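Here's a quick briefing to read with the model open in your viewer.

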Amino acid sequence: MSEFSRHNITSLQYILINSGLQVSVFFLALPRILAENAGTDGWISLIIGWLITIAASLIVIKIMSKYPEGTLLDLLTKYGGKWVGRAAAVLLLLYLFYFGYSCLIRTALITKEWLLPQTSAYMIILLLLIPTYIVSTSGIRIIGRYAELVTLLSLWIPLIYLLPLKESHWLHLLPLAGEGWKPIGAGVPYSLYCFLGFVTTFILYPFLQNKRQASMAMTLSNTLTLLAHLFVTIVCYVYFSPEEIQFYNEPAINVLKIIEFKFIERIEVIFIAFYLLIFSLGWIPTLYLCSYCTNWLRGTKSERNHVRVLCLLLAVGSFFFIPSLHQNERMERFFLRAGILIEYIIPICLLMWIFLQNRLLQRKKV
């Protein structure tokens, strides 16, 4: 029995892990980012970004189908040699670590701003790393179950976002493409930002129980992400005016301030406290996958120890430096550029390279 069959995950767990990565912390500021670049037609940019992501993710699945018994690192080692595989492992490690670190820092800053203003961001990070360590050291199967649990506990959130629609103004969405397609095109790169994360398929693919369903699972995952972002973006667009929405850093939170219940005064505080579970899907899987990369590089089978080192590195590093909100936004802009390169452009180049390698092998046999 192979390593992957002992720790396999279902298609549903794969969908929820990937969607959790995409919906995590980036979801809060997306309506403002799209409004700044594409106006109230940003939701159209979101749909275009979804179509591009579907195509890119299917290319990733096509690449992995060439070597279903291993990860991308094993595939590149087979086709390009030991050092090509190692270079890919280092690149993927750095990218995933940056992904998880950005999510963790953003979560700590949001928690400090809305929930614990008197608590230092460093202390918040330490508190977040405790459950991170417990879940991520338990293996990918437990992470998949954790994603299922978080999704089940979060089903009430879309219902809360229906309440602001009582004071909505649907005319804010009109006219469609009123300024032409240029602003919509300008918003497409930022719409791709909320779909970043499907690159984890390069490692998760061999863990899938039913690899024949991989393409369908990836399509469903990206579609679930689209529906979540599209729903919240449209709610923010029809509630805030086109100019007003740009004044809020996290309009997805500010829109909840109008909701009042007799038994609770500030629903947005409860929302953020509960949404920390969804935030955690942005860094828990990535830390585990980082440990997989370091484990693969060393040729060992001690991912638990590697997770310990990564958590310790985050704790010690955060003690000396924690980015401000402005610095974190700059980090995210850099992450967007790196993400488009690694998740959209490199897979196309890889597929062409593998295709040429196979053609050369066939010619040599002839």
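Residues 24 or more positions apart make up 84% of the contacts in the protein chain, counting those with a separation of 6 or more. Keep in mind that this is a predicted model. The protein chain has 17 helices and zero strands. Its radius of gyration is 21 Å, close to the 21 Å that the globule rule gives for 366 residues, so the protein chain is as compact as a globular protein of that length.

**Overall dimensions and surface**

- The C-alpha trace of the protein chain spans about 70 × 45 × 35 Å along its principal axes.
- Out of 366 residues in the protein chain, 53% count as buried.
- The protein chain exposes about 16,800 Å² of accessible surface, and 67% of that belongs to carbon and sulfur atoms.

**The salt-bridge network around R32**

- You'll find four salt bridges in the structure, and R32, E36 and E329 are linked in a network of them.
- R32 and E36 pair up through their side chains, with an N to O distance of 3.3 Å.
- Those two residues sit four apart in helix α3 (residues 30-38), so about one helical turn separates R32 from E36.
- How exposed or buried are the two partners? R32 is buried, at 8% relative accessible area, while E36 is partly exposed, at 40%.
- R32 also forms a salt bridge with E329, where the closest N and O atoms are 3.8 Å apart.
- Why is the pair of E329 and R32 worth a look in sequence terms? E329 lies in helix α17 (residues 325-365) and R32 in helix α3, so the pair ties together parts that are 297 residues apart in sequence.
- E329 counts as buried because its relative accessibility is 18%, and the cut-off for buried is under 20%.

**The E250 and R106 pair**

- E250 forms a salt bridge with R106, and the closest N and O atoms are 3.5 Å apart.
- E250 lies in the loop between α12 (214-239) and α13 (251-254), whereas R106 lies in helix α6 (residues 82-114), so this pair ties together parts that are 144 residues apart in sequence.
- Both E250 and R106 are buried.

**A nonpolar patch on the surface**

- Which residues form the nonpolar patch on the surface? They are L312, V316, F319, F320 and F321, and together they have about 590 Å² of accessible area.
- F319, one of the patch residues, lies in helix α16 (residues 303-320).
- F319 counts as exposed because its relative accessibility is 55%, and the cut-off for exposed is over 50%.

**A cis peptide bond**

- Most peptide bonds are trans.
- L174 and P175, however, are joined by a cis peptide bond, with omega at about -5 degrees.
- If you want to find the spot, P175 is in the loop between α9 (157-160) and α10 (181-193).

Technical notes:
Residues are numbered from 1 along each chain as its sequence is written. This is a predicted model: local features need pLDDT of at least 70, side-chain atom pairs count only at pLDDT 80 or more; totals for chains, interfaces and linings use all residues. Side-chain values use heavy atoms; hydrogens and water are left out. Patches are made of residues with over 30% relative accessible area and no salt bridge: like charges are joined within 9 Å, nonpolar side chains (Val, Leu, Ile, Met, Phe, Trp, Tyr) within 5 Å. Accessible areas come from the Shrake-Rupley method with a 1.4 Å probe; for residues, only the protein chains shown count as cover. Buried means under 20% relative accessible area, exposed over 50%, partly exposed in between (1.4 Å probe, protein chains only). The radius of gyration is taken over C-alpha atoms; the globule rule is 2.2 Å times the number of residues to the power 0.38. Contact means heavy atoms within 4.5 Å.
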